[in-house]
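I opened this entry to look up how two chains sit against each other. My notes follow the structure below.

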2 protein chains.
Amino acid sequence: MELSRRLSSRGYRRTRQRDAVFDVLAENAGRPMKAEEVLVLAKEKAPGIGIATVYRALELFVELGVAQQVHLHERSQHYEVDTGHHHHYMVCVSCGSREQLDACTMDKLEDVIKDETDFLVTSHCLGLWGYCSSCLPGKA
Amino acid sequence: MELSRRLSSRGYRRTRQRDAVFDVLAENAGRPMKAEEVLVLAKEKAPGIGIATVYRALELFVELGVAQQVHLHERSQHYEVDTGHHHHYMVCVSCGSREQLDACTMDKLEDVIKDETDFLVTSHCLGLWGYCSSCLPGKA
DNA sequence: TAAGATATTGATAATGATTCTCAACAAGGG
DNA sequence: CCCTTGTTGAGAATCATTATCAATATCTTA
Ligand SMILES: [Mn+2]
Ligand SMILES: [Mn+2]
Ligand SMILES: [Zn+2]
Ligand SMILES: [Zn+2]
């Protein structure tokens, strides 16, 4: 398995708990999840797993590049498996629903930045807020 | 004063503490500040002001549209006065310095979204990470 | 300008997410 | 199978932010 190789090549060990956390993320690809949500589902695969272990696994996965942190500006952080497919989210300020957005204009902006500044951009984060189609009609 | 009017028109009262917090933000326009940073400076203008009051003022100012929340993905939130000048920040992952960026390609992206989805975008958040000119040379 | 209704404040407790500690445990190379 | 060492779970500790609540300040009205 891909995860297994990434772990061992860096001296990390493969464990039942890490497999569980990764599988939960993989089974929910494209859906940002909180640590607590991951914990609940991971318990079905690795009974007894603790929240600290979930946090440790998520952090490690980001370091290994197999997961991504998704900043939705809520109290807690969200994570999702890194499928290599670049995308962002549009969050409805009315119902909280999240829609994936595949378009991204960062390339153009990064060109501008390269030309006009001395800053080297290596990553970006984009979030969009507004109203989803279900909430638009009754928008106060 | 502008703040004074915005407050009273909504039934809020003008207080020494709110003036202090606002002045601190205004004197540091274009520099995202944490509540604790605001507190320290606000104490010079309104001795005795507490951290809870700072948080309450910041929240209120965002509601009134005179301040903005800036998400830098740190543990604490940052705030700055809303000067009406749209911008974002580039954060150096090496030294933590922040550079203001005036360019923004959201307009184009919002057009795409309007054409391709039913979502109505009302606001966005953009963050850029990378290396500032001082850190580029020694970049590990 | 005094009085009253009520918005606001400061101190402090409470909360919630995340991180830390540490002894018990498990992975995997030899 | 053994041993070294990475990993785990429980619970304490942190840290930012929010909630409480009695005391106080503001602003409108008389
Ligand atoms: Mn981000
Ligand atoms: Mn934001
Ligand atoms: Zn909605
Ligand atoms: Zn730098």
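This is a predicted model: local features need pLDDT of at least 70, side-chain atom pairs count only at pLDDT 80 or more; totals for chains, interfaces and linings use all residues.

**Notebook: the axis and the contact**

Residues are numbered from 1 along each chain as its sequence is written, chains are lettered from A and ligands numbered from 1 in the order in which they are written, and side-chain values use heavy atoms, with hydrogens and water left out.

**Symmetry.** I laid chain A on chain B: a turn of 180° and a shift of 0.0 Å along the axis give an RMSD of 0.1 Å. The two copies are therefore related as by a two-fold rotation axis. The superposition is by least squares on the C-alpha atoms of residues with pLDDT of at least 70 in both copies.

**Interface.** How many residues does each chain bring to the contact? Chain A gives 34 residues and chain B gives 34 residues, where contact means heavy atoms within 4.5 Å. Of the interface residues of chain A, 100% are also interface residues in chain B, so the copies meet through the same surface.

I then looked up the buried area, which is the accessible area (1.4 Å probe) that two parts lose on being put together, summed over both. Between chain A and chain B it is about 2800 Å², and carbon and sulfur atoms give 73% of that. On the side of chain A that touches chain B, the elements giving two or more residues are β3 (88-92), β4 (98-101), α5 (106-116) and β5 (120-131). The largest share, twelve residues, comes from β5(A).

**Strand pairing.** I followed β5(A) across to chain B. Eleven bridges join β5(A) to strand β5 (residues 120-131) of chain B, and the two run antiparallel; strands count as paired if DSSP finds at least two bridges between them. One bridge partner I looked up is W129(B) in β5(B), which pairs with S123(A).

**Salt bridges.** The rule asks for a side-chain nitrogen of Lys or Arg within 4 Å of a carboxyl oxygen of Asp or Glu. In one salt bridge, the side chains of R6(A) and E2(A) meet at 2.8 Å, N to O. Both residues lie in helix α1 (residues 2-8) of chain A, four residues apart, about one turn of the helix.

**Chain A as a whole.** I counted five helices and five strands in chain A. Helices (H or I, at least four residues) and strands (E, at least two) are DSSP runs, numbered from the N terminus.
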